[in-house]
Amino acid sequence: MTAQILATLLPVFLISGCGTLYGHFRTPDIRGMNTLNMELFVPMLVFAVLADGQAPLEEYAKLALGGVVIVLGSGLVLWPVVKWLKLNPKTFLPPMMFNNSGNMGIPLLLLAFGESALPAAVVLFIVEMLLHFSVGLYMLRPGTSLWRLLRMPIVLASIAGLAVNLSGLALPSWLLEALHMLGGVCVPLLLFALGVRMLDIDFGDWKTGLLGALLCPLSGLVLAVPLIWLLELSGLQAACLWVFAALPPAVLNYLVAEQYRQEPHTVASLVLIGNLGSLIVMPVVLGLVFVYVHSGV
């Protein structure tokens, strides 16, 4: 079991560590790298997985619903805590709700469960991204136009991939292979970019960051327990939802907070200390998940 956990996590931290090391000696254009990834490589992966007829999407409807409940439910669960501690909900809640399903989630699920987990990982990533750029932006600035959401390459790739999958259209194998190769670039690049971002950790607001590192996975896991039972999820999909629920805050929370001038330094602490805290949280969660999978539940 320990060997399986290490085999899953060590590549994640090794690639991220390479990003941190490289970023320490160089000044890579991380914004340009992330733009290329989010506008080309990630949409190619999303489209390729959704358009591939080998992944019947109707089988993932319950998993997608579970992802929606975990994202939105985390905000509802933590709302009383935020009010009690007199924290700014616009600053604290989005990082607790919108997790790192891209930089960490996709690579982690692939390493933990193999290529068979890719459709589930992509479905959960799409759910989190769509909610982030709709509900998340509305939380920071009510009245944000949905047109901005519809123009995103990831959203366009999702719509196109769903259309191909549901229509039953079979794309040529050479085209799917090219798309999968392009999409495959995004996984190590996501981890590398995460490592570079770790250099920006701000310990000035470490207490809030530490609180978020605890509450983010805890709120998700509290919701995942009844959800898996209510939605009758089992096997790989249940395991993926467990991991999804425990993921740390998405790096994108910091970029959005910076754009909307919503206490970006505090959000940076929440995001980066939360991701640092995943060094402790994820081995524990993966250990429980592997026990669950091997038990045949």
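Ala, Val, Leu, Ile, Met, Phe, Trp, Tyr, Cys and Pro count as nonpolar, Asp, Glu, Lys and Arg as charged, and the others, Gly among them, as polar. The exercises below use a predicted model.

**Exercise 1. State the volume of the largest cavity, list its lining and divide that lining by class.**

Solution. 
1. The search of the whole structure returns 3 cavities of 30 Å³ or more.
2. In the largest cavity there is about 80 Å³ of space.
3. Its lining consists of Lys90, Thr91, Pro94, Pro95, His132, Gly136, Leu140, Asn253, Val256, Ala257, Gln262 and Val267.
4. Two or more of these residues come from each of α4 (89-97), α6 and α13. The largest contribution, 4 residues, is that of α4.
5. Sorted by class, the lining has 6 nonpolar, 5 polar and 1 charged residues.

**Exercise 2. Describe the largest pocket by volume, lining and contributing helices.**

Solution. 
1. The volume of the largest pocket is about 780 Å³.
2. There are 31 lining residues, and those nearest the pocket centre are Asn34, Met38, Phe133, Leu252 and Leu255.
3. At least two lining residues come from each of α2 (30-51), α5 (101-113), α6 (118-140), α8 (153-167), α10 (186-197) and α13 (252-259).
4. The class count is 16 nonpolar, 8 polar and 7 charged residues.

**Exercise 3. Determine which element gives the most to the lining of the second largest pocket, and how the residues of that lining divide by class.**

Solution. 
1. This pocket has a volume of about 220 Å³.
2. It is lined by 11 residues, with Leu50, Ala64, Val123, Ile126 and Leu162 closest to the centre.
3. The elements α3 (61-85), α6 and α8 each provide at least two lining residues.
4. Of the elements, α6 gives the most, with 4 residues.
5. The lining divides into 10 nonpolar residues, 1 polar and no charged.

How values were computed:
Residues numbered from 1 in each chain as written. Predicted model: local features only at pLDDT ≥ 70, side-chain atom pairs only at ≥ 80, totals over all residues. Heavy atoms only, no water. 1 Å grid on protein atoms, 1.4 Å probe; cavity = no way out; pocket = protein on both sides within 12 Å on 5 of 7 lines; lining within 4 Å. Points joined across faces, edges and corners; volume = space filled by probe spheres on them.
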